[in-house]
Amino acid sequence: MVTRVRHYARSLAAVSVLTGSVALAGCTSSTDAAEPGGRLVVATTVAPLTSIVANIGGDRISVTGIVPEGTNSHTFEPDPSVAGLLSDADLILVNGLKLEDPTLQLAQANKRPETEIVEVGNEVLPESEYIYDFSFPKEEGKPNPHLWTDPVLAGEYATVMAKKFSELDPDNAATYDANLKAFLAKTTALADALEADQASVPGGIKLVTYHDAYAYVGQRYGWDVVGAIQPSNFAEPTPSEVAALIDQVKAEKVSAVFGSEVFPSPVLEEIANEAGAQYIDDLRDDDLPGEPGDPEHSFLGLMRFDYQTIIEGLGGQAPTLKSLDVSDVAPDTAKYPQ
Ligand SMILES: [Zn+2]
């Protein structure tokens with residue numbers, strides 16, 4: 001009898017704990033802003049996107065990236081534990097162009113019914129302008145997804161984000177708009193610096209990279225994107241592909257070839273050596289410089305680093321890029337998984 005009473009008391013306690021948590025959950029999901037304190041909860045994927053989100057949202061939003069920095073975002077599969085973040089989100093922002101299909105599936109399965117998933121790249125670029133190439137062949141159906149390395153498209157990403165934030169959180173619309181204006185001024189300065197400094201490269205930019213992340217920026221700024229070496233399955237190229245690339249690098253008189261920190265490749269070094277070109281191994285794909293909290297750990301810092309590396313590697317000078325202020329326009333409170 002005593003045991004039964006105690007058991008009943010424990011059940012009551014359990015019910016009250018449950019009721020408490022249900023009440024809390026109801027409170028956090030009932031309005032536009034799901035976080036206690038009223039901040040919009042945003043989930044995003046790769047670090048450059050997360051940094052642009054942070055610039056526009058500042059401390060008015062809570063943003064968490066999903067793809068750890070320095071990992072292959074093209075083959076990344078999220079841990080099932082990411083489902084919790086996706087179910088808490090008021091807005092889910094992905095790059096799109098089929099970069100994050102596994103994350104997209106997890107988001108669709110776990111998000112709240114009212115939460116919108118925005119594929120930002122698909123919003124800013126019509127399908128007719130998708131670029132397909134050696135690493136992203138059309139027959140495999142996945143276009144080159146690296147829109148963010150183009151400063152103009154990055155500005156358009158920011159514009160889409162600011163519009164979504166203002167729709168979901170109109171009380172802070174003026175802040176999002178001010179951050180957008182400040183950020184667009186910085187992407188314009190970045191683009192101007194790129195154009196000014198690339199003029200110093202003898203013969204113009206002829207680009208051979210391992211990872212194929214510069215197709216759109218190259219198209220806009222008149223680069224000769226000779227080729228990228230990484231095959232579409234992210235394996236190493238075959239010996240005959242390597243031989244063909246060595247011939248091409250020699251024929252085009254490319255002075256340097258560029259590897260990526262995210263995808264170290266002995267093959268690229270071999271191609272450079274055989275073709276008499278310099279090998280530069282430290283381009284970054286979606287890995288921001290420094291550590292979270294450092295001033296250069298930002299989208300602007302990443303692009304300044306990559307453009308400067310390409311221009312100086314090909315024999316040019318980059319004084320305008322070097323003197324750019326790449327600090328964020330708003331406090332970066334984003335969580336970047338490492
Ligand atoms: Zn990439």
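User: Why is Phe-263 called buried in this predicted model?

Analyst: The relative accessible area of Phe-263 is 9%. Buried means under 20%, so Phe-263 is classed as buried.

User: What makes Phe-234 partly exposed?

Analyst: Phe-234 has a relative accessible area of 23%.

User: Why are the rings of Phe-234 and Phe-263 called stacked?

Analyst: Their centres lie 6.2 Å apart, and rings pair within 6.5 Å. Their planes stand at 15 degrees; since planes under 30 degrees apart count as stacked, the pair is stacked.

User: Where in the chain do these two residues lie?

Analyst: Phe-234 is in the loop between strand 6 and helix 9, and Phe-263 is in the loop between strand 7 and helix 10. They are 29 residues apart, and their pair links distant parts of the chain.

User: What makes the pair of Phe-183 and Phe-299 tilted?

Analyst: The angle between the planes is 50 degrees, with 6.2 Å centre to centre. Phe-183 belongs to helix 7 and Phe-299 to helix 11, 116 residues apart. Both residues are buried.

User: What covers the buried residues of helix 7?

Analyst: The covering elements include helix 2, strand 2, helix 6, helix 8, helix 11 and helix 12. Among the buried residues of helix 7 are Tyr-176, Leu-180, Phe-183 and Leu-190.

User: How do you know that the charged end of Arg-284 sits over the ring of Phe-305?

Analyst: The charged end of Arg-284 is 5.6 Å from the ring centre of Phe-305, and the distance limit is 6 Å.

Notes. Residues are numbered from 1 along each chain as its sequence is written. This is a predicted model: local features need pLDDT of at least 70, side-chain atom pairs count only at pLDDT 80 or more; totals for chains, interfaces and linings use all residues. Side-chain values use heavy atoms; hydrogens and water are left out. Rings of Phe, Tyr and Trp (its six-membered ring) pair if their centres lie within 6.5 Å; planes under 30 degrees apart count as stacked, over 60 as edge-to-face and the rest as tilted. Helices (H or I, at least four residues) and strands (E, at least two) are DSSP runs, numbered from the N terminus. Buried means under 20% relative accessible area, exposed over 50%, partly exposed in between (1.4 Å probe, protein chains only). A charge sits over a ring if NZ of Lys or CZ of Arg is within 6 Å of the ring centre and within 35 degrees of the ring normal. Contact means heavy atoms within 4.5 Å.
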